[in-house]
Amino acid sequence: MARYYDVHPENPQPRVIGQVADLIRSGGLVAYPTDSCYALGTKLGNQDGLDRIRQIRHLDDRHHFTLVCHDFAQLGQFVQISNSVFRLVKASTPGSYTFILPATREVPRRMLHPKKRTVGVRVPRHTVTQALLAELAEPLVSSTLVLPGDEEPMTQGWEIKERLDHQLDAVLDAGDCGKEPTTVIDLSGPEPEILRRGAGDVSRFE
């Protein structure tokens with residue numbers, strides 16, 4: 001059964017954040033809030049965690065997992081960023097964007113797109129997510145919490161606990177955080193390509 005943690009959305013309790021971070025460090029899979037709906041998250045390099053996310057969401061090996069980073073500096077350790085891309089990404093973080101970029105050697109091969117060698121990265125604005133990432137001191141490997149057959153992401157912590165109780169190790173509930181996923185921009189080619197229009201404004205990428 002998944003542990004259930006009710007956390008304040010603006011002033012998350014450090015004890016709770018510490019307990020969830022310890023769970024992740026020990027190989028756990030958690031559902032947690034972001035500024036663009038709930039997500040599934042596990043430790044970088046945790047192959048079992050990746051496999052569990054794929055199983056829950058029925059994903060194939062072409063799925064782009066996302067590295068959710070604490071800040072722009074951390075993001076830069078895991079992706080290759082040219083000068084022109086640097087300005088675009090810097091101006092859009094933190095925020096409701098996921099960027100597809102060429103990965104550095106810091107990213108495990110199993111996380112990469114099999115042909116493009118790219119990975120998704122983002123820096124969220126949500127207070128609880130930021131607290132968790134600061135406590136972990138490393139990115140979370142994540143995927144939006146949309147279940148097979150559902151058209152929209154899950155938005156309520158209690159419902160996530162109810163539906164995925166035996167497939168997760170913890171649910172971090174900070175209340176409703178919206179159901180519009182991130183805007184996904186592929187910056188791995190010569191021109192930005194909008195792969196999904198979501199919560200982030202796309203005007204600067206068009």
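This is a predicted model: local features need pLDDT of at least 70, side-chain atom pairs count only at pLDDT 80 or more; totals for chains, interfaces and linings use all residues.
**Figure 1. Overview of the protein chain.** The protein chain contains 6 helices and 10 strands. Its radius of gyration is 16 Å, close to the 17 Å that the globule rule gives for 206 residues, so the chain is as compact as a globular protein of that length. Along the principal axes, the C-alpha atoms fill a box of roughly 45 × 35 × 30 Å. Of the 206 residues, 54% count as buried. Among contacts between residues at least 6 apart in sequence, 66% join residues at least 24 apart.

**Figure 2. Helix 5 and its surroundings.** Helix 5 spans residues 127-136, and its buried residues are Val128, Thr129, Gln130, Leu132, Leu133 and Leu136. The elements that cover these buried residues include helix 1 (14-25), together with strand 2 (30-33), strand 4 (66-68), strand 7 (140-144) and strand 8 (170-173). After helix 5 comes Ala137, which has a positive phi, near 65°.

**Figure 3. The packing of helix 1 against helix 5.** Two packed helices are described by the angle between their axes and the distance between the axes. For helix 1 and helix 5, the angle is about 55° and the axes lie 9 Å apart. The two helices are therefore oblique to each other, and their crossing is right-handed.

**Figure 4. Residues at the contact of helix 1 with helix 5.** From helix 1, Ile17, Gly18, Val20, Ala21, Ile24 and Arg25 take part; they meet Val128, Ala131, Leu132, Glu135 and Leu136 of helix 5. By type, the residues of this contact comprise 8 nonpolar, 1 polar and 2 charged.

Key:
Residues are numbered from 1 along each chain as its sequence is written. Side-chain values use heavy atoms; hydrogens and water are left out. Buried means under 20% relative accessible area, exposed over 50%, partly exposed in between (1.4 Å probe, protein chains only). Helices (H or I, at least four residues) and strands (E, at least two) are DSSP runs, numbered from the N terminus. Contact means heavy atoms within 4.5 Å. Axes are lines fitted to C-alpha atoms, for helices over the stretch in contact, and angles run from 0 to 180 degrees between N-to-C directions. Angles under 35 degrees count as roughly parallel, over 145 as roughly antiparallel, 65 to 115 as roughly perpendicular and the rest as oblique. A crossing is left-handed if the near helix is turned anticlockwise from the far one by less than a right angle, and right-handed if clockwise. Ala, Val, Leu, Ile, Met, Phe, Trp, Tyr, Cys and Pro count as nonpolar, Asp, Glu, Lys and Arg as charged, and the others, Gly among them, as polar. The radius of gyration is taken over C-alpha atoms; the globule rule is 2.2 Å times the number of residues to the power 0.38.
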